[in-house]
Amino acid sequence: MEEEPPTETRISPPQPLIEEPDPKKLKMSSTTTTSDDEDVNSSSAAPKKQRYKRRKVAIFFAYCGVGYQGMQKNPGAKTIEADLEEALYLAGAVPEQDRGLSKRYDWARSARTDKGVSAVGQVVSGRFYIDPPGFVDRLNSNLSPQIRIFGYKRVTASFNAKKFCDRRRYVYLIPVFALDPNCHRDRESVKASLGSDNELVKCLECSERGRKVEGLMGKRNFEVKTAIIESHISSNTGNAIEVSDVQENRVLEDNATISDSNKQSSVLVENSCTELNVESESTAKSVGSEMSGLGNDSEIVVSKESVNGNEKPSGSFKYCEEEKARFNRILKNYVGTHNFHNFTTRTKAEDPAARRFIVSFDASTTVVVEGIEFVKCEVVGQSFMLHQIRKMMGLAVAIMRNCAPESLIEKALQKDVNINVPTAPEVGLYLDECLFTSYNQKWKDSHEEVSMKAYEEVAEDFKMKQIYSHIASTEHKDGAVALWLHSLNHRNYPDLRAVDEVAEIAMNTSVAMETQAET
């Protein structure tokens with residue numbers, strides 16, 4: 001008789017056990033759902049607010065770096081990161097209490113770019129509220145046209161855009177005319193050439209001290225002593241561009257007329273060598289900055305002899321096989337693990353951070369944008385220091401222009417040597433892609449591939465409209481590279497001839513020893 005009451009009271013509470021899991025499911029779900037019973041019971045109650053979960057994602061985007069003080073957030077400076085963080089807050093991806101506190105949502109960037117440097121394949125990661133749908137559109141609506149979000153990928157909880165990035169690929173667009181030893185020479189070289197067979201003249205596009213001449217840069221046409229018209233430029237890809245005016249190579253008068261004509265629209269031509277086939281020779285106006293680089297007043301005399309077939313006028317500079325082979329040989333000196341303390345600032349030779357690994361450095365293709373031909377220099381490495389790529393390019397260009405010997409690179413990479421290396425302008429540099437090879441291999445069965453493959457089309461469109469056009473227009477308007485070339489001399493960089501002096505002493509010593517041996 002005493003056993004009946006307890007058995008009845010323990011069997012009775014099954015109903016609350018069924019109702020308990022429902023509120024937990026509501027918290028875990030990105031959208032709320034209610035049962036039929038709840039709809040009836042809560043018909044008069046206020047609707048519940050939808051609750052979302054934070055998701056760990058990698059965001060892919062591009063930007064044009066003009067007007068920004070680099071990628072990384074810096075108090076008081078206009079940076080890409082600051083604009084992006086604010087856009088994330090306005091898009092609802094970051095709550096009010098976390099606004100401006102990036103550590104709270106595991107913020108990480110794949111690469112830091114310097115002031116004025118652009119990017120096509122930049123990646124950041126963090127824990128964000130990406131629901132409801134339309135996250136990418138909400139972000140882009142709160143950003144300037146200079147910054148474009150392509151999309152995002154769900155990643156593992158431990159993913160970090162900086163630590164998980166294996167390699168980074170950068171591209172530097174250097175105008176072909178910058179590799180011409182006779183283009184935009186410095187004042188000392190011009191004075192030294194007076195009276196010689198290869199006499200140079202003062203650069204009319206720039207002042208003697210390398211300042212921009214207002215109203216002239218990228219617009220000036222010159223009267224010429226000898227010029228070539230009705231030319232056809234053809235490439236090995238089968239593309240052809242007809243050119244009615246080709247730049248002069250000798251300047252007669254300083255009072256040249258200013259013209260804005262013949263500026264070509266942006267085009268992209270990838271080739272290995274451009275050959276010049278000349279049909280006739282005559283006196284003509286020039287469009288020098290439009291065809292072979294801004295203000296390419298090469299200051300070299302063009303021969304008056306007719307040119308047929310594959311022959312080229314004497315003094316013309318083209319990025320053909322010989323020049324390409326030499327430039328790539330110079331760049332190859334950087335490949336491997338080296339101490340790059342001379343190619344950055346504020347990093348000593350003893351610092352382990354100065355040792356960097358360069359996977360490849362190639363300059364095999366050219367692109368033509370708004371009439372200026374550029375060499376596309378692609379460098380792949382694990383990571384790069386401040387100004388490293390720009391200094392690597394600066395020294396390579398100095399060697400191509402015969403301002404320094406090729407052996408200087410090997411000397412600059414030595415730990416016990418300090419050399420002042422030229423820094424190329426920032427405008428031609430952009431981050432092309434961040435690579436996550438190891439991560440993708442490890443998580444390929446459970447997570448999406450972290451790469452730019454899905455965004456190649458939109459990325460290419462952004463690159464041409466925002467980055468390439470900016471690089472070309474800046475060269476036309478301001479002559480960033482042209483003015484920089486005037487600074488590549490031994491007065492500004494005395495270390496460029498240090499190896500020359502050592503080599504000359506060694507050569508003289510060896511000659512003296514040979515003479516003594518003969519006597």
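Visitor: Before we start, what counts as a contact here?

Guide: Happy to begin there. Two residues are in contact when they have heavy atoms within a set distance of each other, and that cut-off is 4.5 Å.

Visitor: Of the contacts in the chain with a separation of 6 or more, what share comes from residues 24 or more positions apart?

Guide: Keep in mind that this is a predicted model. Take the contacts in the chain whose partners have a separation of 6 or more, and ask how many join residues 24 or more positions apart. That share is 77%.

Visitor: How many helices and strands does the chain have, and what percentage of its residues count as buried?

Guide: The secondary structure comes to 15 helices and 12 strands. The chain has 519 residues, and the part of them that counts as buried is 49%.

Visitor: Is strand β11 largely enclosed or open, and how many of its residues are buried?

Guide: Strand β11 covers residues 372-381, which is 10 residues. The rest of the structure largely encloses this strand, because the number of its residues that are buried is nine.

Visitor: Which strands are joined to β11 by bridges?

Guide: Strand β5, residues 167-175, runs antiparallel to β11 and is joined to it by eight bridges. In that pairing, L173 stands opposite K376. Strand β10, residues 355-369, is also antiparallel to β11, with nine bridges, and here F361 stands opposite V379. The strands you asked for are β5 and β10.

Visitor: Which residue in the turn between β10 and β11 has a positive phi?

Guide: These two strands form a hairpin, with two residues between them. In the turn, the residue with a positive phi, about 50°, is E370.

Visitor: How are the rings of F150 and Y455 arranged, stacked or edge-to-face?

Guide: A search of the whole structure finds 18 aromatic pairs. One of them is F150 with Y455, with 6.4 Å from centre to centre and 25° between the planes. Planes under 30 degrees apart count as stacked, so the arrangement of F150 and Y455 is stacked.

Visitor: How many residues apart are F150 and Y455?

Guide: F150 sits in strand β4, while Y455 is in the loop between α12 and α13, so look at distant parts of the chain. Both residues are buried. Their separation is 305 residues.

Visitor: And what kind of pair do F150 and F462 make?

Guide: Their ring centres are 6.5 Å apart and their planes meet at 80°. F462 lies in helix α13, 312 residues away from F150, and both are buried. Planes over 60 degrees apart count as edge-to-face, so this pair is edge-to-face.

Visitor: How many disulfides does the structure hold?

Guide: A disulfide is a covalent bond between the sulfur atoms of two cysteines. C64 is buried at 2% relative accessible area, and C183 is buried at 0%. The number of disulfides in the structure is zero.

Visitor: Is E85 buried or exposed, and which side chain does its own side chain meet in a polar contact?

Guide: E85 lies in helix α5, residues 80-90. Its relative accessibility is 7%, and because buried means under 20%, E85 counts as buried. Among the residues E85 touches are G100, S102, Y105 and W107. The polar contact, at 2.8 Å, is with the side chain of K73.

Technical notes. Residues numbered from 1 in each chain as written. Predicted model: local features only at pLDDT ≥ 70, side-chain atom pairs only at ≥ 80, totals over all residues. Heavy atoms only, no water. Phe/Tyr/Trp six-rings, centres within 6.5 Å; stacked < 30°, edge-to-face > 60°. Helix = DSSP H or I, 4+ residues; strand = E, 2+ residues; numbered from the N terminus. Buried < 20%, exposed > 50% of the residue type's maximum accessible area, 1.4 Å probe, protein only. Disulfide = S-S within 2.5 Å. Pairing = 2+ DSSP bridges. Polar contact = N/O pair within 3.5 Å; in protein donor to acceptor, adjacent residues only side chain to side chain. Lists of a residue's contacts leave out its neighbours within four places in sequence.
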